[in-house]
Amino acid sequence: MKHQPLDGNLPEDVPAFKVVASTRTRTVLYAAFGLAQLFLAVFVTAVLSSAAIFSTKTGAADGSSYTTCLLFKDHEAVGSHLAACIWPATLAAAVGCLAVAVAAYDVYSLQRLYPPRSRRIVLLQSAAAAVAAVAGIAVGIQIAVGLQATCNNFAELNWPCPTVFALLQTDWRIVAGASAASFASALLWAYYAYSDAKMGSTADAVLARFADIDPVPQDDGPDPVAAIAYSGEYTRLMDIFRACLRLNEKSERVLDLTEQVISHNPANYTVWKVRQDVLFALGADLRRELEYVTDMAKENPKNYQIWHHRQIVVTAIGDPTGELDFVNLILDMDAKNYHAWSYRQFLIRRFGLWDGELAEVDRFLRADVRNNSAWNQRFFVLRYRPAPQPPRPTELAAEIDYALDALRIASRNESPWAYLRGLAKYHSVDLAAHPRLAAALAEWTSSDPADAFRPFAAQTMLDVIAERRRLRRATGAGGTEAAAGEVDDAKEEDRLLALLVERDPVRRAYWTWRRAAAASADVPA
């Protein structure tokens, strides 16, 4: 008894080629539709040229075209010319529509097999084909209208410029757009056919070099619950890869094989690890490998395996030249890319690239003050910068001002508040002693007006109170002044917790517990 497939996967007895056409078949289709679109481009351009020729006016009173009167001596010639045009126009429009359908099918069913750059080409092709189809239909309609108008005037011999060309003269932008879109569509088909053929031919060429090795098929057991419908090409590549893994082969052909497998599935961590081993075993050019990883990272910027591989390669090279520029390039695409920031921290720590990093972080925060990754990076620099570069008191005071300026822009943004609490915890900064911050905390923890209250400000103030209490106990401070300070802090703590219970509904249960704990003197440190 066979299990029903899960998640849309095929039963094990349905081959993958039933769903995904072979590379060779797709290449032929793309080439055919590229030629069809090229035909549309040439045809529409010819019509546009004809319109330009027939738009040459004479001095005749009726404004008729000299060339028209010369070439079309009778209405039968006009009708014949237009009739000859209508069918190519209709065919071209139909080809454009079919091209859109094929491209849409590609986007739907084949996009998983191609890197993002190729998928973008498919989308561009779809858009260009759609424009070409619409424009081709428009041209066909205009020619049909012109033909009908000429037939209606069959008995008239005044020889005016044929209606179709008058329409083309009036709506030349439509014809020009059809021509441009058709040429663009044809070029995109050609490029996609080329890249697809290259991908397939390269894979075939690589596989041909392993004729001496017996493939090792994937073993999913006798009755797989959800067999994945891999493409035939990927299946063949992985069968050979498993054979090489079993033989522990480290050669140039295995290196090429890993590149082909990664082009189909960049997240295959086993293939990346084997690629590393082969690179080091062969003593390969690691700078060239960096170029390869750069291209892969641009297309897959949030792929764990690619960033780890880059880290391994750069460590082996021992030279980070150009790496921060590369990270900036990726962060310009997505300023909160976790992988890029983690790799940046690796570079800074591994190669001591601390100088100028605060200025770089400032650039990102000026672009987006809510960039929590940039705030984390700023704290990372101050926290882990080695001696003799730890932050000085004046620098810490400047950092408080920096965070406060950001809060004036977005006071409900949690990141600057967390940054301030981090400064207080790891650098022994007394936040309440900073005049500007003390005033801001008083403003944002006030109960009146209601919209002035900021839960993160109250949480920060609670941390300040907890730190003061800890210092009193650590130093054994006593006396009337210390006792009065304890009483004042307890009252302020209760006020803040009461406001948080009222105005922070998401964490109301937690603040209720904190308030009860504080009242019983079981205050968490």
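Contact here means heavy atoms within 4.5 Å. The model is predicted: local features need pLDDT of at least 70, side-chain atom pairs count only at pLDDT 80 or more, and totals for chains, interfaces and linings use all residues. Residues are numbered from 1 along each chain as its sequence is written, and side-chain values use heavy atoms, without hydrogens and water.

Helix 20 covers residues 479-503. Its 25 residues should span 36 Å at 1.5 Å a residue, and its end C-alpha atoms are 36 Å apart, which agrees. The expected span is 1.5 Å times one less than the number of residues. Buried residues (under 20% relative accessible area, with a 1.4 Å probe and protein chains only) of helix 20 include A482, G485, D489 and E493. Also buried are L496, L497, L499, L500 and V501.

The chain has 21 helices and zero strands. Both are DSSP runs, numbered from the N terminus: helices are H or I with at least four residues, strands E with at least two. Of the 525 residues, 45% count as buried. Among contacts with a separation of 6 or more, 71% join residues 24 or more positions apart.

Helix 9 (residues 269-282) has 14 residues. It reaches 20 Å from first to last C-alpha, close to the 20 Å expected. V271, W272, V274, R275, Q276, V278 and L279 are buried in helix 9. Their cover includes helix 7 (232-247), helix 8 (252-264), helix 10 (286-299) and helix 11 (304-317). Just after helix 9, G283 takes a positive phi of about 65°.

Helix 11 also packs against helix 12 (residues 323-333), at an angle of about 170° and with axes 13 Å apart. Axes are lines fitted to C-alpha atoms over the stretch in contact, and angles run from 0 to 180 degrees between N-to-C directions. Helix 11 is therefore roughly antiparallel to helix 12, a term for angles over 145 degrees. W307, R310 and V314 of helix 11 meet E323, F326 and I330 of helix 12.

Most residues other than glycine have a negative phi. N248 has a positive phi, near 55°. It lies in the loop between helix 7 and helix 8. N248 is exposed (over 50% relative accessible area), at 55%. S428 also has a positive phi, of about 50°. S428 sits in the loop between helix 17 (414-426) and helix 18 (435-444), and is exposed at 68%.

Key: Angles under 35 degrees count as roughly parallel, over 145 as roughly antiparallel, 65 to 115 as roughly perpendicular and the rest as oblique.
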